[in-house]
Amino acid sequence: MNAVNLDNVAATPVDPHVLEVMMPYFKDHYGNPSSGHELGEKPARALVEAREKVGDFIGSNPDEITFTSCASESNNMALKGIAAAYKKKGQHIITSAIEHFSVLNPLRTLEKEGYQVTYLPVDHYGLVDPEQLRKAISSDTVLVSIMTANPEIGTIQPIKELAEIAKENGVVFHTDATAAAGYLPLDVEKLKVDLLSLAGDQFYGPKGSGALFVRQGTRILPLIEGGIQEKGRRAGSENVPAIVGLGEAALLAGERMEERTKSLSSVRDSLRKQLFSGITHLHLNGHPDKRLPHNLHISVEFVEGEALLMHLNNAGIYVSSGSTCTSQALKSSHVLAAIGLSPELAQGSLLFTLNLENSVEEVSYIVERLAETAEKLRRMSPLYQKYLKEGS
Amino acid sequence: MAQYSEKVMDHFSNPRNVGEIPDADGVGEVGNPVCGDMMKFTIKVKDGILEDVKFLTFGCGAAIAVSSMVSEMAKGKTLEEALKITNKDVAKELDSLPKNKLHCSNLGADALHNAINDYLQKNEKNN
């Protein structure tokens, strides 16, 4: 069996067609789109086309798309750029407890600068309660930022409902759609969001490619200042190959959304079913239905995640975990804490994120190896031995 | 994962002395699931020598490798010798551990010492 990559939230492989479309922009059409001569023409045209493709992908005007280097930049720009632009109106921002660090950390910085931030709790599925958002909004609130779907537990938020509440109160609404883009149909008109972040490396586009949708009429200050690229919203020579790749990846993702999500969710469902019938003491984390089609998040009771990862890695299976030991910062996942998962279960958490190359044929191999690993680690687990003796 | 030495990978993949000694002479525990690592050592003592050492560990690769190494280092030693094994010695025997694992996962010697002290305390009471 070849290596099985089930950690596609970290990175997806670039689609061969996307790569092919990108290649000429490294060497043949290497010019700067801002140049007034012929070398800049083709790259400039490529930017226009990519902007249209990304706009179509989320139902916006091309003018409302700003290209960035990644989702983290898009999120930073959205939060800091809106906070700065609306500072005189108010200094209160609302977010959720389970956002990505590229939302939480800029907000911590804004807090140090005097902004007030409310972190809405989530229920045990990871869902934000719209009523709690309504109650949290005050006359000082200028921005609400809530992710479309969580990259870890896969839970999909009621974004339309949340954005409507913000709109009713005249508050700008940003959604970090990084985990959702390519996996859920996104339409900024239907969702009624004012800003939306996404990144190409989540849906078979290149790394270093991101975008921020900013609804026309929404004021925002730039994060990176310099030239007037991206209409002055984001200075710096455009990364044309990456932007071309993002555009093409968005086009493919839009066209093949149904086919892709169907294929991903069928492998994911089969994995879930076989894991739960083949291994005892597993927990499903996140929402049973309202979840990303390629996401499965479980806890393997009585064992620790890094040890699971290492054994699976030796068997050529790549997954990730929210355990303390697998994080660089040696902190267990804030998302798992926010949904109220016990420390034991958070330590034994495993995140599977599938890509289009994963197949149903791989599922039984994965289940066998994980069953073996869990048994081996449980045999040496004091928690499991205690359970065997005392029950419960 | 590439951060681990070959010795760590060996002890992680093929841990020695896994288990719990029934009617152990001493039991020592350290850690909790919140920090991510938990170790339980059980020992059998005969004529002041560690005749058998077994461990149960909940934790990461480093924690498992450390437990296995400690058990191997301690077995056959006198209690005095075993009490002198430090966490640092264990890391050295494993051809070092990643920096960020030196504190949280390197608790094996402590767990062993707890087991020996438990034995010594029980013995004192009996005499």
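Two strands count as paired if DSSP finds at least two bridges between them. Helices (H or I, at least four residues) and strands (E, at least two) are themselves DSSP runs, numbered from the N terminus. The model in these views is predicted, so to speak for itself: local features need pLDDT of at least 70, side-chain atom pairs count only at pLDDT 80 or more, and totals for chains, interfaces and linings use all residues. Residues are numbered from 1 along each chain as its sequence is written, chains are lettered from A and ligands numbered from 1 in the order in which they are written, and side-chain values use heavy atoms, with hydrogens and water left out.

**View 1. Three strands of chain B form an open sheet in the order β1-β2-β3.** The pairing here is antiparallel. Look for β1 (26–32) and β3 (49–58) of chain B at the edges, where each pairs on one side only. From one strand to the next, the twist averages 15°. Between β1(B) and strand β2 (residues 37–46) of chain B you can find seven bridges, and these two strands run antiparallel.

**View 2. Chain A has an open sheet of three strands in the order β9-β10-β12.** Its pairing is antiparallel. The edge strands, each pairing on one side only, are β9 (282–284) and β12 (349–353) of chain A. Here the twist averages 30° from one strand to the next. Five bridges hold the antiparallel pairing of strand β10 (residues 295–300) of chain A with β12(A). A handy landmark is A:His297, opposite A:Leu351 in β12(A). Helix α9 (residues 257–278) of chain A packs on the sheet and touches β9, β10 and β12 of chain A, with its direction at about 15° to that of β10(A).

**View 3. Helix α3 (residues 71–85) and helix α4 (residues 101–112) of chain A come within 9 Å, axis to axis.** The two axes cross at roughly 30°, which means that α3(A) is roughly parallel to α4(A). Angles under 35 degrees count as roughly parallel, over 145 as roughly antiparallel, 65 to 115 as roughly perpendicular and the rest as oblique. Among the residues in contact are A:Leu79 and A:Ala83 of α3(A) and A:Val103 and A:Leu107 of α4(A). By class, the contact has six nonpolar, four polar and one charged residues. Ala, Val, Leu, Ile, Met, Phe, Trp, Tyr, Cys and Pro count as nonpolar, Asp, Glu, Lys and Arg as charged, and the others, Gly among them, as polar.

**View 4. Helix α10 (residues 305–314) of chain A packs with helix α1 (residues 6–13) of chain B.** Their axes are 11 Å apart at an angle of about 95°, so α10(A) is roughly perpendicular to α1(B). On one side you meet A:Ala307, A:Met310, A:His311 and A:Asn314, and on the other B:Met9, B:Phe12 and B:Ser13.

Notes. Axes are lines fitted to C-alpha atoms, for helices over the stretch in contact, and angles run from 0 to 180 degrees between N-to-C directions. Contact means heavy atoms within 4.5 Å.
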